[in-house]
Amino acid sequence: MLKVVKFGGSSLASAEQFQKVGNIIRADQDRRFVVPSAPGKRFDGDTKVTDMLYGCYAAAEAGEDFSDKLKAIRARYDEIIQGLGLDLSLDDEFAVIAENFAAKAGSDYAASRGEFLNGKVMAAYLGYEFIDAASVILFDEDGSFAADETNKRMAKRLASCENAVIPGFYGAYADGRVKTFSRGGSDITGSIVARALKADLYENWTDVSGFLVTDPRIVEDPAVVEMITYRELRELSYMGASVLHEEAIFPVRKAGIPINIKNTNHPENPGTMIVATTSKRSKYTITGIAGKKGFVAVTIDKDMMNSEIGFCRKVLSVFEENQISIEHMPSGIDTMCVLVHQDEFQEYEQVVLSGIQRAVEPDAIEVVPDLALIAVVGRGMKETRGTAGRIFSALAHAKINCRMIDQGSSELNIIIGVSNDDFEKAIKSIYDIFVLTQM
């Protein structure tokens with residue numbers, strides 16, 4: 001087998017964590033390609049190296065003396081190097097960074113140095129070849145990721161490597177300028193490397209033992225999902241589940257490569273397998289519960305709207321003209337409801353409402369703010385009778401009013417709208433009836 005392994009910032013925050021990572025990699029000779037993040041927090045109240053770099057570069061950009069801030073970053077790496085007993089100097093690298101900060105090379109360049117430097121340390125620690133991500137991950141001039149060109153270049157470069165470390169989070173434009181992915185983008189890098197190598201497995205190591213059924217900040221010690229499909233993960237990630245960067249799904253999904261979410265601090269735990277499809281049944285009827293607060297529902301009523309050609313298009317065009325994205329659109333015979341992010345909507349509220357009035361001349365428009373959306377997702381739901389009934393029963397028992405329901409034709413997920421104030425209570429009640437009670 002060939003495995004690509006990515007380690008998050010908490011897994012590489014100190015020399016002690018590096019040693020755990022080293023033991024994990026050396027325990028399996030198939031773990032030949034490593035994607036590291038920048039060092040994360042060592043303890044509560046600590047600062048991530050990426051945030052230190054942003055602060056240091058902000059001082060440089062403002063024309064301030066940034067030398068002390070850069071020394072503090074250097075100290076974080078020296079602490080790791082000394083703790084590992086490595087004969088490694090980063091003098092040249094930090095000299096170049098100082099020069100480029102003074103020349104105002106850009107915040108993307110600054111942020112990427114955390115992964116770049118950690119890649120250098122990781123390569124020295126493992127005895128692996130170091131490959132700068134800027135030489136193999138490409139971006140188009142408009143800032144979009146050049147997936148196909150990257151795949152070709154990466155595959156060609158790695159074909160001759162037995163083992164290598166490729167830093168996460170960044171790549172470069174054609175002219176060499178560094179460009180980063182969004183925060184958490186090291187997950188994406190790992191996925192890109194796995195695709196280029198046609199790996200058998202992409203292991204994503206973090207500080208949790210897999211994908212949890214729901215948010216542990218809401219439900220204490222929630223169950224771990226043993227296996228989840230890409231489609232289920234996509235639905236849950238979009239609604240706020242955050243163990244894996246949602247864009248990291250696409251490269252490996254395209255190549256049919258499974259992902260294994262594992263815990264660096266408990267490597268013996270099997271974690272969660274993310275796969276394209278499976279015959280294996282979920283332990284529970286549902287796979288996961290996730291949600292977000294801060295939505296507004298705009299309901300448009302008009303008699304006989306179903307016979308008016310182009311009605312929906314006219315309404316949606318008003319939102320489009322004001323750069324407001326649509327989240328969900330449940331409807332009835334004479335009613336159309338559009339759910340959007342409240343913070344996006346409020347700035348253009350009256351412009352949108354008057355635009356709808358002119359476009360379709362509705363009988364009434366109702367605006368309901370402060371809504372939360374909760375996604376109940378699971379491949380087992382379509383084979384289980386009464387799933388929606390159990391959800392409504394749980395909400396009714398918790399005295400929660402369901403303001404909206406939307407179920408896709410795939411029967412993979414059910415979206416429920418509740419008041420922001422009922423959000424946490426609703427998730428707890430749904431988790432209870434499907435996981436704790438297992439009726």
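**Buried rings and paired rings**

Analyst: Phenylalanine 139 has a relative accessibility of 5% and therefore counts as buried. This is a predicted model, and the values discussed here are computed from it.

User: What makes phenylalanine 181 buried or exposed?

Analyst: The limit for buried is under 20% relative accessible area, and phenylalanine 181, at 9% relative accessibility, counts as buried.

User: Why is the pair of phenylalanine 139 and phenylalanine 181 called tilted?

Analyst: A pair of aromatic rings is described by the distance of the centres and the angle of the planes. The ring centres of phenylalanine 139 and phenylalanine 181 are 5.1 Å apart, with the planes at 55°.

User: Why are H3 and H5 called roughly parallel to each other?

Analyst: Helix H3 (residues 67-84) and helix H5 (residues 107-126) pack at an angle of about 10°, and their axes are 11 Å apart. Angles under 35 degrees count as roughly parallel, and H3 and H5 are therefore described in that way. On the H3 side the contact is made by Tyr77, Ile80, Ile81 and Leu84, and on the H5 side by Arg113, Gly114, Leu117, Asn118, Val121 and Tyr125. Sorted by class, the contact of H3 with H5 has seven nonpolar, two polar and one charged residues.

**A sheet and its strands**

User: How do you know that strand E11 is largely enclosed by the rest of the structure?

Analyst: Strand E11 (residues 288-301) has 14 residues, ten of which are buried, so E11 is largely enclosed by the rest of the structure.

User: What makes E12 and strand E14 edge strands?

Analyst: Five strands form an open sheet in the order E12-E11-E13-E15-E14, with antiparallel pairing. E12 and strand E14 (404-407) each pair on one side only, and they are the edge strands. From one strand to the next, the twist averages 35°.

User: Which strands pair with E11, and over how many bridges?

Analyst: E11 pairs with strand E13 (residues 364-377) in the antiparallel sense over eleven bridges, and seven bridges join E11 to strand E12 (residues 335-341), again running antiparallel. Isoleucine 300 stands opposite isoleucine 365 in E13 and opposite methionine 336 in E12. Lysine 292 stands opposite leucine 373 in E13. Helix H12 (residues 349-360) packs on the sheet, touching E11 and E13, and its direction makes about 110° with that of E13.

**A strand covered on both faces**

User: How do you know that strand E9 is mostly covered?

Analyst: Five of the five residues of strand E9 (residues 259-263) are buried. In a regular strand the side chains alternate between the two faces of the sheet. In E9, Ile259, Ile261 and Asn263 on one side and Asn260 and Lys262 on the other are all buried, and both faces are covered.

User: Which strands pair with E9, and in which sense, parallel or antiparallel?

Analyst: Strand E7 (residues 201-206) and E9 pair in the parallel sense over five bridges, with glutamate 203 opposite asparagine 260 in E9. Strand E10 (residues 272-275) is joined to E9 by three bridges and runs antiparallel, and isoleucine 259 has isoleucine 274 in E10 as its bridge partner.

Definitions and conventions:
Residues numbered from 1 in each chain as written. Predicted model: local features only at pLDDT ≥ 70, side-chain atom pairs only at ≥ 80, totals over all residues. Heavy atoms only, no water. Buried < 20%, exposed > 50% of the residue type's maximum accessible area, 1.4 Å probe, protein only. Helix = DSSP H or I, 4+ residues; strand = E, 2+ residues; numbered from the N terminus. Pairing = 2+ DSSP bridges. Axes fitted to C-alpha atoms, helices over the stretch in contact; angles between N-to-C directions. Parallel < 35°, antiparallel > 145°, perpendicular 65-115°, else oblique. Contact = heavy atoms within 4.5 Å. Nonpolar A, V, L, I, M, F, W, Y, C, P; charged D, E, K, R; others polar. Phe/Tyr/Trp six-rings, centres within 6.5 Å; stacked < 30°, edge-to-face > 60°.
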